[in-house]
Amino acid sequence: MRVEIRNKSVILDGYVNAVARDSKPMLDENGEKFVEQVAPKAFERAIEKSENILCLLGHEPNRKLGSTKDGNIKLFEDNIGLRAICEITDSEVIEKAKEQRLRGWSFGFEAVKEHEEAVSENLKRRFIDEMNLFEVSIIDDKKVPCYVGTSIETRADSLIKTEFRGREAPSVFITKQSLNVPQKIDYSFYENILKQIKRR
C-alpha cells in the first residue's frame, strides 16, 4: 500500500485483494478449513453493477471515509486484482498514516455465485464467481486484516450474509516534503502474484 501524506489529506493506493490466487487457509461457519479464490473479472463486474461502494475504517458503518459516489475513491480490477486509490481527509486516518499505523485493506461482500472443489480430505477450495461488493475498508492497528481467517455477519433487515476478507499490505510512505524526490516503490509482492498466475 502506497501512503502519500499531504497537508490536509492522505492518498492511499494499493491492492485490496488478488484474483485467481489462493487465500491463506480459513475456517467457514461450520468450522471446516478452506482456501478461497476470487475469479478474474468478478470484482470488475461487481463494481460495474454497484451504484455506490463505501470506503470505511475497519468495517465500521459509522466511520465512513468516502465512497465511489462521493468521488474520493476509485476502484478497478486489473490483472493482479482489486486496486483502490483514495484520498482521505479524515483527521484520525491522517494521524494514523503519519504514525504508520495503517495495516492494509479489507472488503465486505456477498457471494452471489460460487463453487467448490476438494483439495484434500480436510481442505476445500472455494471459488467466488460473482459477488456484490458493499465496501472496502482501511485497516488500522486496532484490527488484524482477515485473510488469515474469515468474518461473517448476517444483516437482520435483509438476511444477507456479508463476508469480510483482508490482508496486511506492505506499505510505502511518502511525505509532502519528499514528493519532489523520486520514490522507489517495491512492487515485488505483486509481481510474484503475477508470476504465479501466469504459471497456472
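Colleague: What covers the buried residues of helix 1?

Modeller: Helices (H or I, at least four residues) and strands (E, at least two) are DSSP runs, numbered from the N terminus, and a contact means heavy atoms within 4.5 Å. The cover over the buried residues of helix 1 includes strand 2 (10–18), strand 4 (33–38), strand 7 (73–77), strand 8 (81–88), strand 9 (102–120) and strand 10 (123–140). Please note that this is a predicted model, in which local features need pLDDT of at least 70 and side-chain atom pairs count only at pLDDT 80 or more, while totals for chains, interfaces and linings use all residues. Residues are numbered from 1 along each chain as its sequence is written, and side-chain values use heavy atoms, with hydrogens and water left out.

Colleague: Which residues of helix 1 are buried?

Modeller: Buried means under 20% relative accessible area, exposed over 50%, and partly exposed in between (1.4 Å probe, protein chains only). In helix 1, which runs over residues 42–49, the buried residues are Ala42, Phe43, Ala46 and Ile47. They line one face of the helix, because they fall within an arc of 130° when seen down its axis; the arc is that of the directions from the helix axis to the C-beta atoms.

Colleague: Which residues of helix 2 are buried?

Modeller: In helix 2 (residues 91–98), they are Val93, Ile94, Lys96 and Ala97. Their arc around the axis is only 165°, so they lie on the same side of helix 2. The N-terminal end of helix 2 is capped by Asp90, which has a side-chain oxygen 3.0 Å from the backbone nitrogen of Glu92. After helix 2 comes Gln100, with a positive phi near 55°.

Colleague: How many aromatic pairs are there?

Modeller: Rings of Phe, Tyr and Trp (its six-membered ring) pair if their centres lie within 6.5 Å; planes under 30 degrees apart count as stacked, over 60 as edge-to-face and the rest as tilted. This rule gives two aromatic pairs. Phe43 and Phe107 form an edge-to-face pair, 5.4 Å centre to centre with 75° between the planes. Because Phe43 is in helix 1 and Phe107 in strand 9, this pair ties together parts that are 64 residues apart in sequence. Phe107 also forms a pair with Phe109, a tilted one at 5.3 Å centre to centre and 35° between the planes. Phe107 and Phe109 are both buried, and Phe43 is buried too, at a relative accessible area of 0%. Phe43, Phe107 and Phe109 make up one aromatic cluster.

Colleague: Which residues touch the most other members of the largest nonpolar core?

Modeller: A nonpolar core is a set of buried Ala, Val, Leu, Ile, Met, Phe, Trp, Tyr and Cys residues joined through side-chain atoms within 4.5 Å. The largest one has 35 residues, and those touching the most other members are Val10, Leu12, Ile88, Met131, Leu133 and Ile138. Leaving aside residues up to four places away in sequence, Val10 touches Val3, Glu4, Ile5, Cys86, Glu87, Ile88, Val93, Ile94 and Ala97.

Colleague: Is Ser67 buried or exposed?

Modeller: Ser67, which belongs to strand 6 (residues 64–67), counts as buried because its relative accessibility is 0%. Its side chain joins that of Asn52 in a polar contact of 3.2 Å. Such a contact is a pair of N or O atoms within 3.5 Å; within protein, one must be able to donate a hydrogen and the other to accept it, and residues adjacent in sequence count only if both atoms are side-chain atoms. Thr68 lies in the loop between strand 6 and strand 7 and, at 28% relative accessibility, is partly exposed. The side chain of Thr68 reaches the backbone nitrogen of Ile53 at 2.9 Å.

Colleague: Where does Glu163 lie?

Modeller: Glu163 is in strand 12 (residues 161–168) and is buried, with a relative accessible area of 2%. Its side chain and that of Arg165 are joined by a polar contact of 2.6 Å. Glu163 and Gly108 are 55 residues apart in sequence, yet 5.5 Å apart from C-alpha to C-alpha.

Colleague: What pLDDT does the protein chain average?

Modeller: pLDDT is the predictor's confidence in each residue, from 0 to 100. The chain averages 82, and 74% of the residues score at least 70. Over residues 145–151 the pLDDT is below 50, and this stretch has 34 contacts in the model beyond near neighbours in sequence. Residues 177–185 are also below 50, with six such contacts. Where pLDDT is low, the predicted coordinates should not be read in detail.
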